[in-house]
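Thanks for coming. Please look at the structure on the screen, and I will go through two of its surfaces.

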There are 2 protein chains.
Amino acid sequence: MRHFSDISATAQRLVDVAQALIQQHGYNGFSYDDIAREVGIKKPSIHHHFATKAELVRIVVQRYAHTFGALLEQIDARHQDAGARLLAYAELFAQTYQNERRLCLCGILGAEADALSADVALEVRGFFQFNLAWLVKTMELGAAAGALRLRGGAKEQAYALLAVLEGAMLVGRGLGSDGSPAAAGQTYISNLLA
Amino acid sequence: MRHFSDISATAQRLVDVAQALIQQHGYNGFSYDDIAREVGIKKPSIHHHFATKAELVRIVVQRYAHTFGALLEQIDARHQDAGARLLAYAELFAQTYQNERRLCLCGILGAEADALSADVALEVRGFFQFNLAWLVKTMELGAAAGALRLRGGAKEQAYALLAVLEGAMLVGRGLGSDGSPAAAGQTYISNLLA
DNA sequence: GTCTATATAAAGATAGAC
DNA sequence: GTCTATCTTTATATAGAC
């Protein structure tokens, strides 16, 4: 199976545009023609790069997850404190939403899970799994340092923090507000402070 | 403009099926033909009851919001304690998700906000607004009784709790897990306990 | 690698008979 | 109130020329 790092410059542009369209309109909300218009080539040309929509989206998610994983490593490198790391994590979601109210790619795809091919669903699942693993690790660090109080356990708190951030984007859209997931994340994290 | 309480028995069945389809597949993920097959009539017959898809969905959301509002009143009638009310609130979302992993109707529609007609978007917005108002009121009650500690303010905590519940459904789907929003809600609420 | 042309299916919606 | 037939548009995808 193809890997996102193995694609041409044109294919990368297609992936860029596809990602933005999914974050704005969802899997069922965009078409090859939408991409074609944005990129400036004709619809059938896209099939030369990605035979099916499912294959295109699989690469989109694969790259998104990879990039996100790299951002988590950056956070670890820049911040030693668990609380600071969690706030930086929330900022990742805030930056996404601030950009035309885009949703987390895997958030919207998670909601549309049953419309996805098995391959895409697997990539989405992987995204959530490594995010939760990182959050658990970070929270346990904070608890060990005595900075965080994890009622119910690190796993439960990690799940809830991830849910707050994903949910804040979706509620923000429903309200038609620019209110950032950062605020909801900060509220959540402040509740954990010992 | 028509009101949901003013529709025929057949129209009600259409609304029932449409609601379930949206909660499972989203606004862009179902068609008049999907409803027709489920209800056992032909596609054009639906247009007799609802001229457009937007009008059908507007009624779906209107009824959903009304029903949800009544459930909030039931919670107030059954529980005096703010903590118990919040837990019962989380249970509402859990019950929805337990039913074939259905999402909150307004959660998924919020995510698809830009695909909605202005009328539908307004109904969705109203749903979130009265939910937040109820949560703020309930949280302030708990704070006044000394049971809850609302760091950052009731408004912020209300927003975050709503986000947790909406987000937990979407993350659960992405993970392919049955794990309930109730767990995330309980985690959140336990963090508020004084 | 991109194009035009085309196949095929599904979408929302309308017309008019029963 | 429901049906058949049809319109129009859009979707994913393929064939084959350049």
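One term to begin with: a polar contact is a pair of N or O atoms within 3.5 Å; within protein, one must be able to donate a hydrogen and the other to accept it, and residues adjacent in sequence count only if both atoms are side-chain atoms. On that basis, a polar side-chain atom of A:Lys43 is 3.4 Å from a base oxygen of DNA strand D.

This is a predicted model, where local features need pLDDT of at least 70, side-chain atom pairs count only at pLDDT 80 or more, and totals for chains, interfaces and linings use all residues. Residues are numbered from 1 along each chain as its sequence is written, chains are lettered from A and ligands numbered from 1 in the order in which they are written, and side-chain values use heavy atoms, with hydrogens and water left out.

Back to DNA strand D. A polar side-chain atom of B:Ser45 lies 2.8 Å from one of its phosphate oxygens.

Now the two protein chains. Chain B puts 43 residues into the contact and chain A puts in 42, where contact means heavy atoms within 4.5 Å. How many salt bridges are there between chain B and chain A? The count is 2, a salt bridge being a side-chain nitrogen of Lys or Arg within 4 Å of a carboxyl oxygen of Asp or Glu. B:Asp114 and A:Arg173 form a salt bridge through their side chains, at 3.7 Å from N to O.
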